[in-house]
Amino acid sequence: INAEYGKRPLTAMAEPSLYEFVSKLKPPTVLCICGSSREGSLNAKLLAAAIKILTGHGAVCETVDLDALDLPMYNQDLEKPENGGIPEAAAQLKRQLVASDAILITCPEYNGFPSPLLLNAITWATRGEGGMYDGFKGKMALCMSTSPGPMGGYRMIGVLKQLLMNMGANALPDTVAVGGGYSAFDEGGQLTDEKHVPRLEAACGQLAHFARFEANRALDCMVLSEVKRQGNIAGEYGNVTASGM
């Protein structure tokens with residue numbers, strides 16, 4: 001490629017092979033949260049189905065049990081040292097969010113809104129050390145829901161997306177709202193609804209794609225810098241621009 005189109009001799013490039021480059025890629029970490037803690041939760045089943053797909057895409061999925069966090073209802077007075085300060089569970093949740101590359105949330109719809117359990121946890125995750133929205137800024141987020149009704153929690157998804165975007169997250173436009181939840185899963189908890197399985201697979205595939213980019217941002221920037229440094233790699237075909245395509 002250097003003979004006619006490149007600037008530098010191949011002997012001076014010392015570039016890694018494709019295998020070496022790929023081997024340096026980090027698997028993305030997706031923080032997975034269910035906004036329901038009830039036994040037999042349909043949204044917990046939907047979360048498990050999504051995790052299985054994401055794992056197949058090479059993602060590392062970390063699950064947060066909001067019920068086990070046992071967070072008190074948020075009250076700013078609780079942040080005062082004399083009242084115990086920020087609960088360690090809230091601080092840990094924020095650290096997990098900050099360390100993640102993407103966020104996956106399934107949640108039931110409560111009167112068109114996310115569950116109080118989820119909203120309370122999100123509120124606590126914006127408190128404590130660091131910036132308020134450090135756990136959400138720039139993160140790709142996928143919001144999903146299922147319910148016994150025909151709309152599958154669709155109204156809640158829009159509200160949750162807006163909340164996450166208000167905090168700087170990038171909510172995927174994909175909508176996975178599984179209606180008729182009681183018949184959408186088999187006895188083993190697997191999603192079997194023929195209409196929603198492809199939607200779930202496509203949405204999780206998109207989340208894994210963007211999470212992988214975020215996890216390897218430094219390498220991605222290195223590749224872009226190398227392409228720019230090559231300069232005239234297009235050679236006799238000229239530089240490709242949007243106006244010339």
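**Reading the terms in this model**

Q: Where does Asp70 lie, and in which loop?
A: Asp70 lies in the loop between α3 and α4, where helices (H or I, at least four residues) and strands (E, at least two) are DSSP runs numbered from the N terminus. The model is predicted, so local features need pLDDT of at least 70 and side-chain atom pairs count only at pLDDT 80 or more, while totals for chains, interfaces and linings use all residues. Residues are numbered from 1 along each chain as its sequence is written, and side-chain values use heavy atoms, with hydrogens and water left out.

Q: Why is Asp70 called exposed?
A: Its relative accessible area is 66%, and the term exposed applies over 50%, whereas buried means under 20% and partly exposed lies in between (1.4 Å probe, protein chains only). Asp70 therefore counts as exposed; it also has a positive phi of about 55° although it is not a glycine.

Q: What makes Asn111 an exposed residue, and where is it placed?
A: Asn111 has 74% relative accessibility and so counts as exposed. It is placed in the loop between β3 and α5, and its phi is near 55°, a positive value in a residue other than glycine.

Q: Why do Glu79 and Arg127 count as a salt bridge?
A: Their side chains meet at 2.7 Å, N to O, and the term asks for a side-chain nitrogen of Lys or Arg within 4 Å of a carboxyl oxygen of Asp or Glu, so the pair qualifies. Glu79 is in the loop between α3 (66-69) and α4 (88-99) and Arg127 in the loop between α5 (116-125) and β4 (140-146), so this bridge ties together parts that are 48 residues apart in sequence. Glu79 itself is partly exposed, at a relative accessible area of 22%.

Q: Which other pairs meet in a salt bridge, and how many salt bridges are found in the whole structure?
A: The whole structure has six salt bridges, among them Glu88 with Arg95 at 2.4 Å, N to O, and Glu214 with Arg217 at 2.6 Å, N to O. Glu88 is exposed at 52%, while Arg95 is partly exposed at 42%.

Q: What makes a set of residues a nonpolar core, and which residues have the most contacts inside the largest one?
A: A nonpolar core is a set of buried Ala, Val, Leu, Ile, Met, Phe, Trp, Tyr and Cys residues joined through side-chain atoms within 4.5 Å. The largest has 29 residues, and those with the most contacts inside it are Val30, Leu54, Leu104, Leu142, Met144, Leu200 and Leu207. The elements that give it two or more residues include β1 (29-34), α2 (42-56) and α8 (197-215), and α2 gives the most, with eight residues. A second, separate core of 27 residues includes Leu69, Leu93, Ala125 and Met167.

Q: Which residues is Leu207 in contact with, leaving aside its neighbours within four places in sequence?
A: Contact means heavy atoms within 4.5 Å, and on that basis the partners of Leu207, leaving aside neighbours within four places in sequence, include Val30, Leu54, Leu104 and Leu142.

Q: What divides the lining of the second largest pocket into nonpolar, polar and charged residues?
A: Ala, Val, Leu, Ile, Met, Phe, Trp, Tyr, Cys and Pro count as nonpolar, Asp, Glu, Lys and Arg as charged, and the others, Gly among them, as polar. On this count the lining has six nonpolar, eight polar and one charged residue.
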